[in-house]
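The remarks proceed from the overall fold to individual residues.

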Amino acid sequence: MMPMTFQVSNNVTLLFDFWDVHGPAGMVLSVFVVLLLTVFYEVLKVWRVWLGNGSKLSQPATGYTAPPSCRTDSSSALDSSPSESSLTPIEPQPPTTSTRKSWLLHVIQTLLHIVQVTLGYMLMLCVMSYNTWIFLGVIIGSVLGYFISFPLLGQTV
C-alpha cells in the first residue's frame, strides 16, 4: 500500500511502473529530473503570460467603434464616455494577415496550455508519492523556474 504521509526514503515509484527508484543514486537522478520538469513548467507558465500579454497580435481588433461624443462639458467621466449600447458596428473586414496570425497565436497558446496542464498534473502526482526528496525537488524547481523566467515578464515582443 502506498504511504499517505511524507517519508524520507530512497525507494519510490514515480508516475509509471518503469520509474521505480531503488537506492540513493536513482533518487538523486529522479529528484534532478523532477526539478528540471518543474523549472520547465514555471518557464512555460511565464512564457504563456508573456506571449499573451506582450504580443500585439494578442489584442484582437474589435468589431465595434465608439461614436464621437457630442458633449463638450466634462462634468463627469461616466457621462462623457460611450456606453455599451451606443457602440455602432463596423462593416466586417475580410480575414487579414493579422487575423490569421492572431488565430495562429491562439492555437499556439492552446497547445502550450495542454502541455502546461499535463505537466502540472504529472508534477502533482510526483508530490503525491509523499517522498520528501521528490517534494523538495518540486519546490526548489518551482523557485528556480520562477526566478529564471520572471525577467521575461518585463520584456515586450
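1. Contact is used throughout for heavy atoms within 4.5 Å. Leaving aside neighbours within four places in sequence, Ser142 is in contact with Thr38 and Glu42. This is a predicted model, in which local features need pLDDT of at least 70 and side-chain atom pairs count only at pLDDT 80 or more, while totals for chains, interfaces and linings use all residues. Residues are numbered from 1 along each chain as its sequence is written, and side-chain values use heavy atoms, with hydrogens and water left out.

2. Overall composition. The protein has 4 helices and 4 strands, where helices (H or I, at least four residues) and strands (E, at least two) are DSSP runs numbered from the N terminus. Along the sequence their order is β-β-α-β-α-β-α-α. Of contacts between residues at least 6 apart in sequence, 73% join residues at least 24 apart.

3. Surface and burial. Buried residues make up 22% of the 157 residues. Here buried means under 20% relative accessible area, exposed means over 50%, and partly exposed lies in between (1.4 Å probe, protein chains only).

4. The largest nonpolar core. Which members of this core touch the most others? They are Leu14, Met27, Val34, Leu123 and Ile134, out of 13 residues. Helix H1 (24-54), helix H3 (97-127) and helix H4 (132-149) each contribute at least two residues to this core, and H1 gives the largest share, with 4 residues. A nonpolar core is a set of buried Ala, Val, Leu, Ile, Met, Phe, Trp, Tyr and Cys residues joined through side-chain atoms within 4.5 Å.

5. Ile134 and the second core. Not counting residues up to four places away in sequence, Ile134 touches Leu14, Met27, Ser30, Val31, Val34, Cys126 and Ser129. A second, separate core has 5 residues, among them Leu44, Trp50, Leu51 and Leu105.

6. The salt bridge. The structure holds 1 salt bridge, defined as a side-chain nitrogen of Lys or Arg within 4 Å of a carboxyl oxygen of Asp or Glu. Lys45 and Glu42 form this pair, with their closest N and O atoms 3.3 Å apart. Side chains of opposite charge can pair when their charged atoms come close. Because Lys45 and Glu42 are 3 residues apart in helix H1, about one helical turn separates them. Glu42 is buried, at 5% relative accessibility, whereas Lys45 is partly exposed, at 30%.

7. Glu42 and Ser142. Ser142 lies in helix H4 and is partly exposed because its relative accessibility is 24%. Although Ser142 and Glu42 are 100 residues apart along the chain, their C-alpha atoms are separated by 6.2 Å. Their side chains are joined by a polar contact of 3.1 Å. A polar contact is a pair of N or O atoms within 3.5 Å; within protein, one must be able to donate a hydrogen and the other to accept it, and residues adjacent in sequence count only if both atoms are side-chain atoms.

8. Ser149. A polar atom of the Ser149 side chain lies 2.7 Å from the backbone oxygen of Gly145. Not counting residues up to four places away in sequence, Ser149 touches Glu42, Val43 and Val46.

9. The nonpolar surface patch. Met2, Met4, Leu15, Phe16, Phe18, Val117, Tyr121, Met124, Leu125 and Met128 form a nonpolar patch on the surface, with about 1000 Å² of accessible area together. Patches are made of residues with over 30% relative accessible area and no salt bridge; like charges are joined within 9 Å, and nonpolar side chains (Val, Leu, Ile, Met, Phe, Trp, Tyr) within 5 Å. Met2 is found in the segment before strand S1 (11-13) and is partly exposed, at 46% relative accessibility.

10. Backbone angles to inspect. Leu15, in the loop between S1 and strand S2 (20-22), has a phi near 65°, a positive value in a residue other than glycine. Tyr130, in the loop between H3 and H4, has a phi near 60°, likewise positive in a residue other than glycine.

Technical notes: Accessible areas come from the Shrake-Rupley method with a 1.4 Å probe; for residues, only the protein chains shown count as cover.
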